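Morning, everyone. I'll walk through one structure today, starting with its charged pairs. Here it is.

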Amino acid sequence: CFEDEANPIVLFKKWFAVAEKSEVNDPNALSLGTSSSDGISSVRMILLKGLSDKGFVFYTNFDSKKGNDLKNNPNASMCFHWKSIRRQIRVSGKVVVVDNEEADKYFSSRDYQSKISAWASSQSKAMKNRSEFLDKIKEFEKKFSDKNNVPRPSHWSGWRIIPNEIEFWLEIKNRSHERLNYRKENGKWIKEILYP
């Protein structure tokens, strides 16, 4: 049975806290769905890196497949599935770029090698062989040898999905699952129970 919450972000945080205790790896893993400007959809697994009443934040190379999709079509969806607790949450909405201060703060929290990889990777582009990428890593390790002073690349930042719909799914025996959907209308969340 679902908790009686007016704000789905509050309910998400409660479910996420339970998932953090039960999921062996990456409870913040989610599948992100985007579409190109011509409507071709694409899904991949990413990690949630920020959550507030403003929305759900993840980071990427802006020139990647997902980055280009989002620049051309700012609609996205995400799905969290926690098999250990038999729960799922779907989120859909519009994306906006996080501000530079927020992106810089997150980037500075990453480990050194992750920062270097952000510089070295031409994410989603074809390469001749893996050594091409490894050579670029070495180049940027030389360029940014001070491990405490690696700036954030201008092509790397965060996106925030501002949700307009959030659905909570709870597995019940015999496929009589429970579904609770929140839709935003005129700035307010409207709750509805859905058939499984």
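Let's start at glutamate 185. With a relative accessibility of 36%, this residue counts as partly exposed. This is a predicted model, so keep that in mind throughout. The partner of glutamate 185 is arginine 183, and the two form a salt bridge with the closest N and O atoms 2.0 Å apart. Arginine 183 is partly exposed too, at 25% relative accessibility. There is also a network here: Arg90, Glu167 and Arg179 are joined by salt bridges that share partners.

How many salt bridges does the structure hold? Eleven. Let me pick out two more.

Take aspartate 4 and lysine 191. Their side chains meet in a salt bridge, 2.6 Å from N to O. Aspartate 4 sits in the segment before α1, and lysine 191 in strand β9, residues 188–194, so this pair ties together parts that are 187 residues apart in sequence. Is aspartate 4 buried or exposed? Exposed, because its relative accessibility is 70% and the cut-off for exposed is over 50%. Lysine 191 has a relative accessible area of 38%, which makes it partly exposed.

Now a local pair. Lysine 65 forms a salt bridge with aspartate 69, and their closest N and O atoms are 2.9 Å apart. Both residues lie in helix α2, residues 65–72. They are four residues apart, about one turn of the helix. Lysine 65 is partly exposed at 37% relative accessibility. Aspartate 69 is buried, at 4% relative accessible area.

Next, the nonpolar cores. The largest has 31 residues. Which residues have the most contacts inside it? They are Phe12, Phe56, Met78, Phe80, Trp82 and Phe168. Several elements supply at least two residues each: helix α1 (8–22), then strands β1 (29–35), β4 (55–61), β5 (75–82), β6 (87–97), β7 (156–170) and β8 (178–185). The largest share comes from α1, with six residues.

Zoom in on phenylalanine 80. Set aside its neighbours within four places in sequence. Its contacts are then Phe12, Asn28, Ala29, Leu30, Leu48, Phe56, Arg87, Gln88, Ile89 and Val91. Two of the names from the core list come back there, Phe12 and Phe56.

There is a second, separate core as well. That one has 17 residues, including Ala103, Tyr112, Ile137 and Phe144.

On to the largest pocket. Its volume is about 350 Å³. The lining has 17 residues, and the closest to the pocket centre are Tyr59, Thr60, Arg110, Gln123 and Trp156. Strand β2 (41–47), strand β4 and helix α4 (112–120) each supply at least two lining residues. Which element gives the most? That is β4, with four residues. What classes make up the lining? Eight residues are nonpolar, six are polar and three are charged.

Last stop: serine 157, in strand β7. Serine 157 counts as buried, because its relative accessibility is 3% and buried means under 20%. Leaving out neighbours within four places in sequence, serine 157 is in contact with Phe58, Tyr59, Thr60, Phe62, Val97, Val98, Ala103 and Arg152. Ala103 we met in the second core.

That's the tour. Over to you.

Notes. Residues are numbered from 1 along each chain as its sequence is written. This is a predicted model: local features need pLDDT of at least 70, side-chain atom pairs count only at pLDDT 80 or more; totals for chains, interfaces and linings use all residues. Side-chain values use heavy atoms; hydrogens and water are left out. A nonpolar core is a set of buried Ala, Val, Leu, Ile, Met, Phe, Trp, Tyr and Cys residues joined through side-chain atoms within 4.5 Å. Buried means under 20% relative accessible area, exposed over 50%, partly exposed in between (1.4 Å probe, protein chains only). Contact means heavy atoms within 4.5 Å. On a 1 Å grid over the protein atoms alone, a cavity is a set of points where a 1.4 Å probe fits but cannot get out, and a pocket is an open set with protein on both sides within 12 Å along at least five of seven lines; lining residues have an atom within 4 Å of a point. Grid points are joined across faces, edges and corners, and a volume is the space filled by probe spheres set on the points. Ala, Val, Leu, Ile, Met, Phe, Trp, Tyr, Cys and Pro count as nonpolar, Asp, Glu, Lys and Arg as charged, and the others, Gly among them, as polar. A salt bridge is a side-chain nitrogen of Lys or Arg within 4 Å of a carboxyl oxygen of Asp or Glu.
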